[in-house]
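Q: I'd like a close look at one part of this protein, and then how that part sits in the rest of the chain. Please keep it plain enough to follow with the model open on my screen.

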Amino acid sequence: MTDSGHEHNGHEHVPSRQRRRFPGISSRAYEHPADRSALVALRRLSGFDTVFKALSGLLPERSLRLLFLSDSVRVSDQQFAHLNDMLRDACYILDLEKVPAMYVNQDPQPNAMCIGLDEPIIVVTTGLVELLDEEEMRAVVGHEVGHALSGHSVYRTILLFLTTLALKVAWIPLGNLAIMAIVTALREWFRKSELSADRAGLLVGQDLQSSMRGLMKIAGGNHLHEMNVDAFLKQAEEYEAGGDLRDSVLKILNVLPRSHPFTTVRAAELKKWAETREYQRIMDGHYPRRNEDKDASVSDSFKESAASYAGDVKSSKDPLMKLVSDIAGGAGNLGGRVRRGFDGFTGPAKDQRPKDTPPPGDGETDD
């Protein structure tokens, strides 16, 4: 457990509150199955390897570092010392050997990111620092250290670069389409990676309520006295279950341009994970180690991801996911179900008729 008497990687000062530490923990311990499978799908995307290799050599890593060095405040013992303590503590808990450079950037929008190709850089905005209290901020710093441990910073950097590039070449139809295909796939992966990093933040902060409060504040601002965790989580349930198939399609369209999942969804996912046996085992010291990563089975990872997706689809209350589950289960009358889906699942089907009445001539049956 961490305490003020420990030293790690030459750093003498860590906060005194007792927290469990996870020596040698592998990022596999907290990575969401959808994160891993989305990354595999991304790497299989046609042209991604070529773009990745090209950009890895062309992206101005040194320029990026100089930009933050010249136009942001670097966290240290002399500047934002409380953030520096949190950063070192997070690296100590997750056993990240090299503490990443961390910068505070003047921006009223609450945000944080972990970028960099050779070495990760963590950037937090002044809007975020001013919004969150110490325990909420600790979870955010742990979130970004989780990104660093998982190696997410490389893909995040490429996503930022390609998003900018796509805007510059928007006048070239084919060029823009090619870039946007990769950008869309990167965004899909990054949304899943945020769920993994939220788990890392919980492992560092070890206070679910602080993680929940932080997500609520990011969604609704610094008005905790006006907010309620249970009501906030209920929004996620209503978002998932509400509406008909048209709303399901709109949800997909709404999320495509985003790099982050919706905040209510993140909160619900994190709470669900915190209640699992998997989380408790990690807290008890039973978790995958980094030195075992090379022996980790790729096929087992695929199976775990597939099982996770199947479970999500089966348990989902979203109308589209219910339809997918019914189809997978062999439910009949697909045409009627789709029509009812667009009219809402609550009422009877418009084409209801007595069982002994022959179907119309379009060949639709109830088999």
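Where is the place of Phe80?

A: Happy to take you there. This is a predicted model, in which local features need pLDDT of at least 70 and side-chain atom pairs count only at pLDDT 80 or more, while totals for chains, interfaces and linings use all residues. Residues are numbered from 1 along each chain as its sequence is written, and side-chain values use heavy atoms, with hydrogens and water left out.

Phe80 sits in the loop between β1 (73-74) and α4 (81-93). Helices here are DSSP runs of H or I with at least four residues, strands are runs of E with at least two, and both are numbered from the N terminus. The phi of Phe80 is positive, near 50 degrees, in a residue other than glycine.

Now move along to the loop between α4 and β2 (101-105), where you will find Asp95. Asp95 too has a positive phi without being a glycine, in this case near 60 degrees. Asp95 is buried, with a relative accessible area of 14%. The side chain of Asp95 has a polar contact at 2.9 Å with the side chain of Arg21. A polar contact is a pair of N or O atoms within 3.5 Å; within protein, one must be able to donate a hydrogen and the other to accept it, and residues adjacent in sequence count only if both atoms are side-chain atoms.

Arg21 itself belongs to the segment before α1 (33-44). A polar atom of the Arg21 side chain also lies 2.7 Å from the backbone oxygen of Tyr92. The C-alpha atoms of Arg21 and Ile93 are 4.3 Å apart, although 72 residues separate the two in sequence. Arg21 is partly exposed, at 24% relative accessible area.

Two cysteines are worth a glance as well. Cys91 is buried, with a relative accessible area of 0%, and Cys114 is buried at 3%. A disulfide is a covalent bond between the sulfur atoms of two cysteines. The structure holds 0 disulfides, the cut-off being a pair of cysteine sulfur atoms within 2.5 Å. For Cys91, the nearest cysteine sulfur is that of Cys114, 9.9 Å away.

At the start of α6, a side-chain oxygen of Asp133 comes to within 3.1 Å of the backbone nitrogen of Glu135. After the helix comes Gly151, with a positive phi near 75 degrees. Most of α6 is covered, with 15 of its 17 residues buried.

His147 meets Ser193, which has its place in helix α8 (residues 173-205). Beyond its neighbours within four places in sequence, Ser193 is in contact (heavy atoms within 4.5 Å) with Asp35, His147 and His152. Ser193 is buried, with a relative accessible area of 0%.

Stepping back, the chain has 16 helices and 4 strands. Of its 367 residues, 43% are buried. Among contacts with a separation of 6 or more, 72% join residues 24 or more positions apart. The chain exposes about 19100 Å², with carbon and sulfur atoms supplying 55% of it; accessible areas come from the Shrake-Rupley method with a 1.4 Å probe, and for residues only the protein chains shown count as cover.

A word on confidence to finish. The pLDDT, the predictor's confidence in each residue from 0 to 100, averages 74 over the chain, and 58% of the residues score at least 70. Over residues 337-342 it stays under 50, and the model has 18 contacts for that stretch beyond four places in sequence. Residues 344-355 are also below 50, with 13 contacts beyond near neighbours in sequence.

Note on methods
Buried means under 20% relative accessible area, exposed over 50%, partly exposed in between (1.4 Å probe, protein chains only).
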